[in-house]
Amino acid sequence: MDIKKLLSEMTLAEKLGQLTQLNAVFFNAENDADITGPAAKLHIGEDDISLTGSVLNFTSAALMKKTQDAAMARQPHHIPLLFMQDVIHGFRTVYPIPLAMGCSFDETLVEDCARMAAKEAAVSGVHVTFSPMMDLARDARWGRVMESPGEDPTLNGRVGAAFVRGYQGDGTDPYDIPACVKHFAAYGAPEAGRDYAPVELSEHTLREYYLPAYRACVDAGVKMIMPAFNTIGGVPCTANRHLLDTILRREWGFKGVVISDYHAHHEMVKHGVAENDKEAVALAVNAGCDIEMMSTATYRFAKELLDEGRITMEQIDAATLRVLELKNQLGLFENPYRVASEKEEKRLHLCPEHRALARRAAEESAVLLKNDGVLPFSKALRKVAVIGPFAKEQGIKGNWAGNGRDEDCVTVLAGVRTLLPDAEVATTRGCSWELGETKVPDLEEAVELASEADAVVLCLGEYQHHSGEGNSRATLTLSPAQMTLARAVLDANKNTAVVLFNGRPLVIPELSAIAPAILDMWQPGTEGGNAAARLLFGDANPCGKLSMSFPYHEGQCPIYYSHLHTGRPVANPKEITQTGYCSRYMDVPVDPLYVFGHGLSYNTYTYDNLTLSADVIHPGEELEVAVTVKNEGKRYGKETVQLYIRDKVASVARPVKELKDFVKLELEAGESAAVIFTITEEDLRFHTVSGAFDSEAGEFEVMVGKSSDELLAATFRLEK
Ligand code: GLC
């Protein structure tokens with residue numbers, strides 16, 4: 001399609017329609033699409049709606065085709081609709097939440113899962129996904145940490161790029177669906193961990209830690225970006241010209257589409273930076289926002305603003321052209337349905353291959369937080385008790401689960417019974433998963449089952465809709481009822497393993513002290529129960545590593561490993577009592593309960609012979625960092641070897657350590673591997689005190705190990 005010619009023939013109303021996105025419910029009453037934000041009056045009529053250029057959250061091939069036909073018939077130039085949806089961690093076959101996928105440290109796995117999601121979504125008529133979310137997540141009180149790969153810029157960027165590759169492919173395959181990186185920017189740093197709250201970051205902190213992961217997705221070729229709801233320095237991201245024009249377009253060279261978040265134009269009135277919707281449109285258009293999601297201010301007020309000379313036709317044409325270009329790249333003018341097909345939906349959705357991949361993802365993103373030796377359980381056990389509010393809970397697919405359904409999910413109880421067909425597997429819920437629950441109606445039954453069992457699987461945690469958007473929490477503990485149940489069951493049977501379900505790090509110091517084993521499954525998705533069973537009984541070997549720190553107490557939030565040293569560091573950050581004038585709490589440790597990068601296996605891996613190829617490097621040279629990793633265990637396993645550096649003296653304070661690289665090894669029992677990382681001067685660059693992105697000569701510490709606090713260390717110098 002000659003889109004420039006098409007643009008030249010379009011009326012202003014048609015162009016403004018292309019810059020408007022409405023939810024599916026406005027196109028088809030049959031549609032049961034999720035309203036993923038506050039629904040509000042549109043203030044436009046049917047004829048205006050028929051000019052809309054894109055639709056949000058459609059749910060099936062049949063509905064999409066019907067709607068596409070009707071819309072194109074009514075469009076004066078028969079421009080096809082763009083169908084977009086939040087395909088965040090799977091479409092109908094749901095894999096673990098992105099925070100869990102970050103714990104896999106496995107870019108290939110992430111890419112494969114994103115590919116699976118893209119195929120399932122594409123056959124249901126989805127053209128674009130609002131994923132990956134790259135908000136740095138350092139505050140577990142914020143409910144949307146579940147959508148992020150975690151707290152580290154390097155890990156998030158590599159996982160984000162893998163998601164983009166998986167969704168978008170090379171753009172030639174009809175199953176490729178453009179990705180939309182969000183929420184630009186720094187949505188993960190809201191004041192007090194409360195969703196939508198203001199973000200206050202220096203330009204240095206924004207650029208050094210919060211922007212790199214979005215940049216990694218732009219460099220991976222992401223086709224769309226979504227500004228965040230929050231303000232940064234008092235400016236809403238949707239109206240933030242510094243972000244959307246200076247950084248995104250001019251510095252990064254992004255040529256794709258910018259789409260607002262849900263109703264974000266109008267929210268600028270609520271922020272108090274726009275007198276009314278018309279003023280909000282002037283701000284958004286002049287900042288560089290193209291499509292307005294789920295509100296119609298641009299459609300209604302752009303003409304007045306044009307007449308007043310406060311926005312220009314060039315801006316409207318440029319934005320419209322970007323939208324038409326995306327539709328053209330997708331071939332929608334020639335084939336408005338793309339690969340939407342009811343037949344393919346039936347063949348692909350929840351097919352055995354997809355379920356197998358979802359199960360593997362759940363196995364590899366699970367984190368074995370603690371194991372005093374009770375795991376793996378023997379498969380010869382005769383009597384197993386599966387107890388707790390998540391024992392037979394099917395609501396373990398997580399929030400933002402696309403078209404996933406709880407009834408598709410395999411529970412822990414079902415998984416254990418499938419794995420141990422000859423064992424007697426009893427169950428009781430014990431208590432509900434409600435926040436703040438105090439009642440334990442099945443306590444006696446739980447104690448009785450635990451007492452009689454050879455082993456107990458105690459399933460505790462946070463319900464899937466208690467994290468995610470709008471679901472910030474000030475307390476991150478398990479309910480009193482769950483802790484009462486845990487104490488009683490653990491007292492009744494020492495051969496007990498806790499399986500945790502959570503959309504964020506939880507505060508579990510007491511549980512961690514009394515439970516001999518804790519396996520964190522996060523929100524594992526459709527195959528969660530099978531994955532949990534295989535891990536618990538040794539058919540799979542845990543290999544996940546935490547992508548986000550587990551606070552010892554909410555009062556520590558935000559808490560993350562790559563912190564600065566301060567001028568008065570504590571002597572023993574793991575100790576509860578600290579004395580003197582140092583950066584401490586009087587009542588809790590400074591360190592988290594479980595650190596970034598932590599994760600156990602049924603093997604023990606030893607790290608030896610850390611050697612550097614030189615003591616000094618110069619720009620243009622490579623430093624090789626070698627280490628030997630040995631699997632001392634009795635079984636095959638995977639181990640993520642992590643490399644951190646510390647810039648010991650610089651023109652700004654630098655983190656005590658920063659992840660710079662990681663590699664996931666596969667090792668047979670007794671096998672050793674020589675791992676070689678390469679560091680160059682470019683890896684040592686940061687935003688200096690002058691704001692330049694550069695390296696500075698001096699001494700560096702390089703650390704390699706199995707987690708951010710179990711490391712071998714050596715030093716080298718950079719000379720320039
Ligand atoms: C929501 C979310 C955003 C999502 C959009 C469309 O409010 O903030 O992540 O993509 O609306 O559902």
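Analyst: Helix 11 and helix 12 cross in a right-handed way; a crossing is right-handed if the near helix is turned clockwise from the far one by less than a right angle, and left-handed if anticlockwise. This is a predicted model, in which local features need pLDDT of at least 70 and side-chain atom pairs count only at pLDDT 80 or more, while totals for chains, interfaces and linings use all residues. Residues are numbered from 1 along each chain as its sequence is written, and side-chain values use heavy atoms, with hydrogens and water left out.

Two packed helices are described by the angle between their axes and the distance between the axes. Here the axes of helix 11 (residues 264-271) and helix 12 (residues 277-287) come within 8 Å, and the crossing angle is roughly 110 degrees. Axes are lines fitted to C-alpha atoms, for helices over the stretch in contact, and angles run from 0 to 180 degrees between N-to-C directions. Helices are DSSP runs of H or I with at least four residues, strands are runs of E with at least two, and both are numbered from the N terminus. Helix 11 and helix 12 are therefore roughly perpendicular to each other, a label for angles of 65 to 115 degrees.

On the side of helix 11, H265, H266, M268 and V269 make the contact; helix 12 contributes D277, A280, V281, L283 and A284. Contact means heavy atoms within 4.5 Å. By class, this contact has six nonpolar, two polar and one charged residues. Ala, Val, Leu, Ile, Met, Phe, Trp, Tyr, Cys and Pro count as nonpolar, Asp, Glu, Lys and Arg as charged, and the others, Gly among them, as polar.

Helix 12 also holds K278, which forms a salt bridge with E308, the closest N and O atoms being 2.4 Å apart. A salt bridge is a side-chain nitrogen of Lys or Arg within 4 Å of a carboxyl oxygen of Asp or Glu. E308 sits in the loop between helix 13 (297-307) and helix 14 (313-329), and the pair links distant parts of the chain, 30 residues apart. With a relative accessible area of 12%, K278 is buried, whereas E308, at 41%, is partly exposed. Buried means under 20% relative accessible area, exposed over 50%, and partly exposed in between (1.4 Å probe, protein chains only).

K278 and E308 belong to a network of salt bridges that also links E279, E304 and R310. The structure holds 50 salt bridges.

How values were computed:
Angles under 35 degrees count as roughly parallel, over 145 as roughly antiparallel, 65 to 115 as roughly perpendicular and the rest as oblique.
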